[in-house]
Amino acid sequence: MEQYIIKGGNPLVGEVEIGGAKNAALAILAAAIMSDETVMIDNLPDVNDINVLLDAIAGIGAMVHRVDRHTVKINGKGVTSVDIEYDYIKKIRASYYLLGALLGKYRHAEVALPGGCNIGSRPIDQHLKGFRALGADVEIEHGKIIAEASRLVGKHIYFDVVSVGATINVMMAAAMAEGLTILENVAKEPHVVDVANFLNSMGANIRGAGTDVIRIRGVQRLHRTEYSVIPDQIEAGTFMFAAAATQGDVTVMNVIPKHLEATTAKLLEIGCEVEEFDDAVRVVSKGRLKCTHVKTLPYPGFPTDMQPQIGVTLALCEGTSIITESIFENRFKYLDELARMGANVKIEGNSATIEGVEKFSGARVSAPDLRAGAALCIAGLAAEGITIVDDIVYIQRGYERFEEKLRSLGAVIEKVSTEKEIRKFMLKVS
Ligand SMILES: CC(=O)N[C@H]1[C@@H](OP(=O)(O)OP(=O)(O)OC[C@H]2O[C@@H](n3ccc(=O)[nH]c3=O)[C@H](O)[C@@H]2O)O[C@H](CO)[C@@H](O)[C@@H]1O
Ligand SMILES: C=C(OP(=O)(O)O)C(=O)O
């Protein structure tokens with residue numbers, strides 16, 4: 001099992017290139033099979049979730065050609081099965097997008113209930129509500145969602161909760177339904193807009209993505225396109241908080257600063273300097289930072305996927321911070337690990353009270369999920385001494401060459417998998 005070993009104490013300094021957004025790319029790859037012509041997608045992050053989804057897509061007969069690490073060509077013409085194997089599905093959350101894509105194109109999809117990070121109960125009732133409203137029969141049998149429709153007909157659908165997954169999934173199915181679908185109370189995340197732009201570039205007719213109401217006029221066919229995925233706002237934000245927590249000076253390159261506004265606002269509140277450029281943001285952290293309160297909310301609110309990264313930073317700020325996690329009920333597990341490094345935290349229901357400490361001390365900790373794992377690495381980089389982060393397979397789901405990018409900023413971090421490698425690292429840094 002691979003681990004990260006980190007010697008903390010170095011401020012991160014320099015420039016780091018941000019890759020394509022995992023959560024946009026996953027939906028776009030699923031949507032790509034809706035065309036019978038060849039679709040080329042660029043700026044894909046080279047991370048485990050993407051590779052699993054590409055295997056799943058190839059597994060149902062679509063042509064998948066990796067042009068290079070960040071570019072793929074997909075042609076959905078060869079799809080011979082609408083039944084996705086459980087082995088793929090259990091590994092990733094975004095496998096649920098194959099439901100919307102296959103249902104829209106073939107009026108039939110069979111996909112096992114999705115996996116993903118264990119951050120809460122994660123129901124998919126709103127996805128199913130949307131498919132049913134479009135005319136599909138949807139049953140769950142033996143752990144599989146089976147959706148079938150003789151016709152898919154546009155409808156006016158009001159979502160009960162704001163869901164990224166349900167918005168994108170129903171939007172995909174509706175893109176090839178008959179007539180007009182109106183989706184209300186939708187998610188407005190940048191990746192919702194990116195998927196809509198991608199589908200439109202294939203000939204779909206989707207208007208309003210990024211607002212509360214999306215209007216979709218169904219089309220019969222989607223055609224070839226070439227598309228580049230938006231930059232990953234969560235990867236960018238992770239490096240921005242890494243700069244803050246290590247008293248560093250980091251410029252995240254190839255980003256859309258508008259997508260980072262909630263993160264930038266919190267960094268300014270706690271006392272960092274933030275400088276915005278056309279496609280880059282620089283974060284400078286000098287002296288002890290100040291406490292603040294934060295509540296996770298759907299976009300444009302503060303993202304739940306950045307909650308552990310800000311949590312680690314606040315645990316080093318002067319004063320008492322309160323975090324309210326309003327999206328997923330099980331996203332504070334990293335705080336128990338952080339307490340092992342000296343953080344002073346108290347969790348009550350969906351809120352965490354964090355009394356800032358002056359420093360962390362390195363310890364052995366486990367990554368409970370993707371973002372929590374990245375956050376614990378930030379803690380290790382800011383800590384005195386050595387930190388070992390176990391279960392980094394979660395981090396590899398969503399961060400490309402994480403340790404290399406950190407090293408380029410001056411971090412002392414290695415990926416190891418044996419005691420011998422750990423001893424070698426200790427010798428090198430002693
Ligand atoms: C692959 C992917 O893109 N994952 C992201 C996606 O997850 P995911 O699509 O699973 O998250 P949602 O936006 O759907 O979930 C938001 C809230 O709605 C609830 N809900 C959702 C669907 C549903 O049918 N019923 C329901 O009650 C969830 O329990 C949660 O409380 O958005 C989350 C919220 O920004 C991010 O943390 C995840 O990184
Ligand atoms: C929670 C996340 O991913 P997933 O929804 O795929 O589990 C994430 O990207 O932070």
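## Basis

The model is predicted: local features need pLDDT of at least 70, side-chain atom pairs count only at pLDDT 80 or more, and totals for chains, interfaces and linings use all residues. Residues are numbered from 1 along each chain as its sequence is written, while chains are lettered from A and ligands numbered from 1 in the order in which they are written.

## Ligand 1

The shell around ligand 1 holds 21 residues, and the closest are Asn23, Gln126, Ser163, Val164 and Gly165. A residue is near a ligand if its C-beta atom, placed from the backbone, lies within 6 Å of it. Helices α1 (22–32), α5 and α6 (164–175) each give at least two residues to this shell. Helices (H or I, at least four residues) and strands (E, at least two) are DSSP runs, numbered from the N terminus.

By class, the shell has 10 nonpolar, seven polar and four charged residues. Ala, Val, Leu, Ile, Met, Phe, Trp, Tyr, Cys and Pro count as nonpolar, Asp, Glu, Lys and Arg as charged, and the others, Gly among them, as polar. Domain 1 (3–19 + 231–429) and domain 2 (22–228) each supply at least three residues of the shell around ligand 1; the bounds come from an automatic or database domain assignment.

## Ligand 2

Residues around ligand 2 include Asn23, Arg93, Cys117, Asp305 and Arg371. The shell divides into five nonpolar, three polar and three charged residues. Ligand 2 lies between domain 1 and domain 2, because both give residues to its shell.

## Cys117

Cys117 sits in the loop between β7 (108–112) and α5 (125–133). An unreviewed UniProt entry annotates Cys117 as "modified residue: 2-(S-cysteinyl)pyruvic acid O-phosphothioketal". UniProt positions are given in the numbering used here, feature names are shortened, and annotations may be inferred rather than shown by experiment.

Cys117 has 21 other C-beta atoms within 10 Å and is therefore buried (20 or more within 10 Å; exposed is 12 or fewer, partly exposed in between; C-beta atoms are placed from the backbone). Leaving out residues up to four places away in sequence, Cys117 touches Asp369, Leu370 and Tyr394 (contact: C-beta atoms, placed from the backbone, within 7 Å).

Ile89 belongs to helix α3 (residues 86–89) and is buried, with 25 C-beta neighbours inside 10 Å. Its contacts beyond four places in sequence include Ile84, Val111 and Pro114.

In α5, the buried residues are Gln126, His127, Leu128, Gly130 and Phe131. Their cover includes α4 (97–106), β8 (137–141) and α6.

Note on methods
Two residues are in contact if their C-beta atoms, placed from the backbone, lie within 7 Å.
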